[in-house]
Amino acid sequence: PKNAPPCKVAAVRDYGGLITLCEPTQASREATANELLARIPNAVMIPPFDYPDVMAGQGTLALEVLHQVPHLDAIIAPIGGGGMISGICVAAKGINPNIKVFGAEPAIASDAYQSLKTGARVALEKPTNTIADGLRTQLIGERPFAVMKELLDDIFLVSEDEIVQAQRFLWERMKLVVEPSGAVPAAAVLSAAFKAADPSIKRVAVVLSGGNQDLDAIPWMLK
């Protein structure tokens, strides 16, 4: 999308990728992708989240975590299109049916949260400008949502300020360069809502997904 962080665009170009920009909407992304498929011979569309192989591949994250730390109470990960969280659900609960799997989502980009609560996919009416740019999807994927309805325990929403504070905590205290999208689950576990949800949950794996931070636009330095 045209509002992608410059550091992400520059990295793709540096790795040899060809970039075609589009408007930051679901419809524009799909239309632009279809135009490229029609124009480029032998082009293949690889969906970013609504595809079984992508979901399964991202689910290996849970396999690695539980191999290293088998006695976890819960895993929490960010939700954009739902590919990662659905893969984690299948892998984690396949190993330990009693483990809790939670999603974390920006409050102003809560399509997954609304969908889970209503039992049907809910699309956001317009694009959101959450600081967590990797989670700006307007509609959760159809295949991921089918898994989430069955296996995801809950979704926690966090404010923009909570995301910024969690990202800063990860940088300052843990020395981890994590982008806002990756800091969303950290913001969730640091929240009062998460701490009050189930006091028996003590050992939680927090997925910090993404380190593409534009160093000219560090959130807490822009205030």
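Visitor: Which residues are in contact with isoleucine 79, leaving aside its neighbours within four places in sequence?
Guide: With those neighbours set aside, isoleucine 79 is in contact with Ile85, Gly103, Ala104, Glu105, Ala112, Leu135, Ile140, Met148, Leu152 and Ile155. The word contact is used because heavy atoms lie within 4.5 Å. The model is predicted, so local features need pLDDT of at least 70 and side-chain atom pairs count only at pLDDT 80 or more, whereas totals for chains, interfaces and linings use all residues. Residues are numbered from 1 along each chain as its sequence is written, and side-chain values use heavy atoms, leaving out hydrogens and water.

Visitor: What makes a group of residues a nonpolar core?
Guide: The members must be buried Ala, Val, Leu, Ile, Met, Phe, Trp, Tyr or Cys residues, joined through side-chain atoms within 4.5 Å. Buried means under 20% relative accessible area, exposed over 50%, and partly exposed in between (1.4 Å probe, protein chains only). The largest such core has 25 residues, and Ile75, Ile79, Ile88, Val101, Met148 and Leu152 have the most contacts inside it. At least two of its residues come from each of α3 (52-68), β1, α4, α5 and α6 (142-151). Helix α4 gives the largest share, six residues. Another core, of 20 residues, lies apart from it and includes Phe156, Ala183, Val184 and Ala188.

Visitor: How do you know that β1 and β2 pair?
Guide: Strands pair if DSSP finds at least two bridges between them. Strands β1 (residues 74-78) and β2 are joined by five bridges and run parallel. Strands here are DSSP runs (E, at least two residues), and helices are runs of H or I with at least four residues, numbered from the N terminus. Isoleucine 75 has valine 101 as its bridge partner in β2, and alanine 205 as its bridge partner in β4. Three bridges join β1 to β4, again in parallel.

Visitor: Why are β3 and β4 called edge strands?
Guide: The open sheet has four strands in the order β3-β2-β1-β4, with parallel pairing. Strands β3 and β4 (204-206) each pair on one side only.

Visitor: What makes the unit of β1, α4 and β2 right-handed?
Guide: With the strands pointing away from the viewer, the path from the first strand over the helix to the second must run clockwise. The β-α-β unit formed by β1, helix α4 (residues 83-95) and β2 is right-handed.

Visitor: Why is β2 described as mostly covered?
Guide: Six of the seven residues of β2 (residues 100-106) are buried.

Visitor: How do you know whether cysteine 22 and cysteine 89 are buried or exposed?
Guide: Cysteine 22 has 8% relative accessibility, so it counts as buried. Cysteine 89, at 0%, therefore also counts as buried.

Visitor: Is valine 177 buried or exposed?
Guide: Valine 177 has a relative accessible area of 53%, and is therefore exposed. This residue is in the loop between α7 (160-172) and α8 (180-189). Leaving aside neighbours within four places in sequence, valine 177 is in contact with Trp171, Gly210 and Gly211.
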